[in-house]
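Here are some notes to read alongside the model. Please keep the sequence and the 3D view open while going through the points.

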Amino acid sequence: MRQILDTIKEYKKIIIFRHFRPDGDAIGSTKGLQAILRATYPEKEIMLLNADYSDYLAFFGGEDAPQEDEYYKDALGIVIDTSVAKRISNKKFELCEKIIKIDHHIPDGSSYADLEWIEEHRSSSCEMIAAFYECFRDELKITSEAATYIYCGMVTDSGRFRYREVSGDTMRLAGMLLDVGIDTDSLYSNLYTDSIKAFKFEAYAKSKAVISENGVVSIFVSKRMQKKFKLSKEDASAVVSHLDSLRGCLIWIAFIEGDDEIRVRLRSRFVTVSELANRYNGGGHACAAGATVYSKKEMKALLAEADELLGKYKNENEGWI
């Protein structure tokens, strides 16, 4: 963290990046760090340059306008919440003079940065940004806007502080952010209230869910279903969170049909699913991961492996619900 702060101090221009199809953690950590650095160093250019955005988090406002290649060449690049280079939203990150990586995902052995700070036990990258501020609070400034961005990512990536990566340190850092001042009523209303369309889709999706022999809950969100309910890819992917409340069903999976691929969202309690995701062009955390398959045959193979994994877990362990 000291090396990162010292490097930030050296540069007049800093560009912050994240992964494509961003979630609350990717948006919160990047906008949060940008807000902290802008408050601390008003004389520096602190830019957030990416190639896509999130409708789900549009209430936070957008990011900075695209820049030509030349703009990047004397800049420090900071990539947050992105384990591998191919998932970085803005491919121009490579043009930066120096690159820092801040991430909480399990590393795959590859590297795209000059300086890396990885803590895979953290519940979110936002938790790491909060820890970064807390460590250097005598040197850095924070605003309620920055605190809100960071808190949002901590809440969403931890399943509202329910996942196993949540620690006492997570809660202490969240408390620190709340003390700065966050309008939680507005934040939670934006995050957790649904449109009528989403409400109807959730009911429909639950009626179409399938439960395997050992208790894997899954749903295939076809292109036809997406069209019928006018779903964005983000809306379709969110369906996985609606499958998490059945007793004895410790793994739940959503398959989102695209033009050339099927995106996979895996979630679990007790059981580790990240290794399964790794075998299908993906990765992530122990109980929250993503993958990609390219046919229904491959989709069925992944489901079969998930069912076998869950059956083995239940046979070898007690205390699961």
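**Notes on the predicted model**

1. Asp81 is buried, with a relative accessible area of 1%. The structure is a predicted model. Asp81 sits in the loop between strand E3 and strand E4 (98-103). Its phi is positive, at about 65 degrees, although Asp81 is not a glycine.

2. A second residue to look up for its backbone is Arg160. Arg160 is not a glycine, yet its phi is positive, at about 60 degrees. Arg160 belongs to the loop between H4 and helix H5 (168-180).

3. Where is Asn50 found? Asn50 is part of the loop that runs between strand E2 (45-48) and strand E3 (76-80). The relative accessible area of Asn50 is 15%, and buried means under 20%, so Asn50 counts as buried.

4. The side chain of Asn50 has polar partners. One of its polar atoms lies 3.2 Å from the backbone nitrogen of Arg18. The side chains of Asn50 and Glu63 are joined by a polar contact of 3.3 Å. If residues up to four places away in sequence are not counted, Asn50 touches Ile16, Phe17, Arg18, Glu63, Ser89 and Asn90.

5. Next comes a pair of helices. Helix H2 (residues 24-40) packs with helix H4 (residues 144-157) at an angle of about 160 degrees, and their axes are 8 Å apart. Angles over 145 degrees count as roughly antiparallel, so H2 is roughly antiparallel to H4. The crossing of the two helices, H2 and H4, is left-handed.

6. Which residues of H2 and H4 make the contact? On H2 they are Gly24, Asp25, Gly28, Lys31, Gly32, Ala35 and Ile36. On H4 they are Glu145, Ala146, Tyr149, Ile150, Gly153, Thr156 and Asp157. By class, the contact of H2 with H4 has five nonpolar, five polar and four charged residues.

7. Is Cys249 buried or exposed? Its relative accessibility is 7%, so Cys249 counts as buried.

8. Cys249 also has contacts beyond its own stretch of sequence. Apart from neighbours within four places in sequence, Cys249 is in contact with Ile211, Gly215, Val217 and Arg269. From C-alpha to C-alpha, Cys249 and Ser212 are 9.0 Å apart in space, while in sequence they are 37 residues apart.

Note on methods:
Residues numbered from 1 in each chain as written. Predicted model: local features only at pLDDT ≥ 70, side-chain atom pairs only at ≥ 80, totals over all residues. Heavy atoms only, no water. Axes fitted to C-alpha atoms, helices over the stretch in contact; angles between N-to-C directions. Helix = DSSP H or I, 4+ residues; strand = E, 2+ residues; numbered from the N terminus. Parallel < 35°, antiparallel > 145°, perpendicular 65-115°, else oblique. Left-handed = near helix turned anticlockwise from the far one by under 90°. Contact = heavy atoms within 4.5 Å. Nonpolar A, V, L, I, M, F, W, Y, C, P; charged D, E, K, R; others polar. Buried < 20%, exposed > 50% of the residue type's maximum accessible area, 1.4 Å probe, protein only. Polar contact = N/O pair within 3.5 Å; in protein donor to acceptor, adjacent residues only side chain to side chain.
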